[in-house]
Amino acid sequence: MTANPTHTDQLPDADVVLIGAGIMSATLSSMLTLLDPELRILVLEKAPDSAGESSEAWNNAGTGHSGYCELNYMPDPADGSKPRHIAEQFHLTRQWWAHLVRQGLLDPTDFVHTTPHMNLVFGRDDVAYLRRRVDTLRADPLFAEMEHTEDPDTIARWAPLTMEGRVDDGEPIAAARHLRGTDVDFGALTRALLTLGSTEVLTGHGVTGIEREADGWSITGSSSMGSFAVRAGTVFVGAGGFALRILQKAKVPEIRGYAVLPVGAAFYRCSTPAVVARHDAKVYGQADVGAPPMSVPHLDRRVVDGEEHLMFGPYATFSTKLLKHGRLSDSFTTVRPDNLHVIAAAGLQNLSLVSFLVKELAASPSRKFAQLQRFFPRARRNEWTLLPAGQRAQLVKPDRKKIGVLQQGTELVVSADGSIAGLIGASPGASTAVPIMVDLLKQAFPAQWHGGWKSQIAEAVPDLGRTDWTTEAVTRSHHETDAALGLSPVSSE
């Protein structure tokens, strides 16, 4: 029987509504559930399943971002501030996961595995850059265990597939490695977090409207059963590329002038056991000259649903969709009079990105595979499949001097009264979810935060607020979280 399209199902009022069932909403839900089990938390997800977009395992690279080897986070080899900040955030995220494991609420074998992070670079300039980068980072306790080599035989021991069959043409080559890297199945983690407590998840429920009321928010939408409506005191929008659009519908002043640029990607995947078994690392390279930061190539070992694979990419794709399963008109619906000039300014300042996208889209299959063979010379095409990955919405922000700038990373936007917030932007959001959501708790629930939540979170995340990451503090954090999460970094030769 066809549902009556004029019927509106008024759902029970909720204390907190989370729009989008991805890793951000799941992290916030897990915190709220433990902080106040009496809260009614409702998650609304447009897709038929949780973690169906950016959090789904094959829609991201599954990296526990620690700043170890992502070269795009450190263009200046003498400035390690951004890698340090990311490393600090991931330490806090790991501590929250470890706390949930100790409470018997998570099984770490389902979502996190030890996978060393590496760099592999070619040519005199990049070899010199990597040497300086490692020297800078190793002076910081967060990166003191990094290794570096310019010896091909050592690189072959670290990552055999990268050196076998490589022609010795005299080109300089160098590698760096950190043995405490991780591979994370954020899809599995998201689904596990959403099962905690009494959080209710309604999939197939897309939000189409949101309006402010005297005591909160009225949220409306549609599902296969017809229309629905729900009232909530607090709203968090963790809807990936759709977050900006929903915040605009809510007329949140703090979002004025913001825009997003959709950027897609594809990866090669290999599941041949004999090949996969011989590579145990995430190997990051250097982006081509003129390429955008998100294009850094990497050859990764992945564990998804208990199965091991290799993946290589990303290859940039282009679509005006804001979600992988969205519509081509999505991007245009976020254009407003207050952000049109911001978009134009950011575009003019990033013509190299336009050029890169054009070249990537025009690249032949043989050229794409040649990029993989740069890292794995003996790769055979019949063992690799090209897969579409998730859509990303890169943040475009207003700027006093430049009018508009394309910003890497994520940004939490919170209304002045703290009743609605949203996260916009892209990587490395998932790996930094815990400190971001802690920041949200402080702003959206100030009375509860100072009334007891702060001490509860501090017990679960003991290094929250730490600024002196000494060798002792880093060692303790690694030891405690490794033990809880079952991580056993391989020993260095």
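Which residues in helix 1 meet which residues in helix 11? I found Met 24, Thr 27, Leu 28, Met 31, Leu 32 and Leu 35 in helix 1 meeting Ala 433, Val 434, Ile 436, Met 437, Val 438, Leu 440 and Leu 441 in helix 11, where contact means heavy atoms within 4.5 Å.

Before going on I noted that this is a predicted model, in which local features need pLDDT of at least 70 and side-chain atom pairs count only at pLDDT 80 or more, while totals for chains, interfaces and linings use all residues. Residues are numbered from 1 along each chain as its sequence is written, and side-chain values use heavy atoms, with hydrogens and water left out.

**Entry on helix 1.** The helices (H or I, at least four residues) and strands (E, at least two) that I name are DSSP runs, numbered from the N terminus. The axes of helix 1 and helix 11 (residues 433–444) come within 9 Å and cross at roughly 55°; axes are lines fitted to C-alpha atoms, for helices over the stretch in contact, and angles run from 0 to 180 degrees between N-to-C directions.

I then turned to the packing of helix 1 (residues 23–35) with helix 5 (residues 186–193), where the angle is about 35° and the axes are 8 Å apart. Helix 1 passes helix 5 in a left-handed crossing. Ile 23, Ala 26, Thr 27 and Ser 30 in helix 1 meet Phe 186, Leu 189, Thr 190 and Leu 193 in helix 5, and the contact has 5 nonpolar, 3 polar and no charged residues.

**Entry on strand 16.** I looked up Met 311, which is found in strand 16 (residues 307–317) and is buried, with a relative accessible area of 1%; buried means under 20%, exposed over 50% and partly exposed in between (1.4 Å probe, protein chains only). Not counting residues up to four places away in sequence, Met 311 touches several residues, including Trp 58, Phe 267, Tyr 268, Leu 299 and Trp 384. Pro 314 is also placed in strand 16, and the peptide bond from Gly 313 to Pro 314 is cis, with omega near 0°.

Lys 251 has a positive phi of about 55° although it is not a glycine, and I placed Lys 251 in the loop between helix 6 (243–249) and strand 13 (259–270), where Lys 251 is exposed at 70% relative accessible area. Ile 403, likewise not a glycine, has a positive phi of about 75°; Ile 403 lies in strand 19 (residues 403–407) and is partly exposed at 43%. How many disulfides are there? With a disulfide taken as a pair of cysteine sulfur atoms within 2.5 Å, the count comes to 0.

Technical notes
Left-handed = near helix turned anticlockwise from the far one by under 90°. Nonpolar A, V, L, I, M, F, W, Y, C, P; charged D, E, K, R; others polar.
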